[in-house]
Amino acid sequence: ENARLFQEMFQSDSFLVETVQDVEGAELCGTLKNVVALAAGFVKGLGYGSNTKAAIMRAGMAEMRKLAKRLYFTVQDETFFMSCGL
């Protein structure tokens, strides 16, 4: 109910607000994606190319899902493809 209220308050033509029922998944996605982003930044900083960065991001996404499923079996795969994940 509160999520819908916030969505109505902030949603506009230029700002998309998505509500997520998977609270644990959203929290883990938001946290773990920062770790993957750091790794992607390190790869870029070391001078590796886009393919290496893409490989790090793909592997990171797979590891995010594995860890989240081990910590919370209720985590939904769809959550990883929302803004809190990707």
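How many helices and how many strands does the protein chain have? In this predicted model, the protein chain contains 3 helices and 0 strands, and the elements follow one another along the sequence in the pattern α-α-α. The radius of gyration is 15 Å, well over the 12 Å that the globule rule gives for 86 residues, so the protein chain is more spread out than a compact globule. The C-alpha trace extends over about 45 × 35 × 15 Å along its principal axes.

Of its 86 residues, 24% count as buried. Among contacts with a separation of 6 or more, 55% are accounted for by residues 24 or more positions apart.

Rolling a probe the size of a water molecule over the atoms shows where empty space is left. The largest pocket has a volume of about 170 Å³. Its lining is formed by Lys33, Val36, Ala37, Ala40, Met57, Met61, Met64, Gly85 and Leu86. Two helices, α2 (23-45) and α3 (50-71), each supply at least two residues of this lining, and the largest share, 4 residues, comes from α2. By residue class, the lining of the largest pocket divides into 7 nonpolar residues, 1 polar residue and 1 charged residue. Lysine counts as charged and glycine as polar; the charged position in the lining is accordingly Lys33 and the polar position is Gly85.

Definitions and conventions: Residues are numbered from 1 along each chain as its sequence is written. This is a predicted model: local features need pLDDT of at least 70, side-chain atom pairs count only at pLDDT 80 or more; totals for chains, interfaces and linings use all residues. Side-chain values use heavy atoms; hydrogens and water are left out. On a 1 Å grid over the protein atoms alone, a cavity is a set of points where a 1.4 Å probe fits but cannot get out, and a pocket is an open set with protein on both sides within 12 Å along at least five of seven lines; lining residues have an atom within 4 Å of a point. Grid points are joined across faces, edges and corners, and a volume is the space filled by probe spheres set on the points. The radius of gyration is taken over C-alpha atoms; the globule rule is 2.2 Å times the number of residues to the power 0.38. Buried means under 20% relative accessible area, exposed over 50%, partly exposed in between (1.4 Å probe, protein chains only). Contact means heavy atoms within 4.5 Å.
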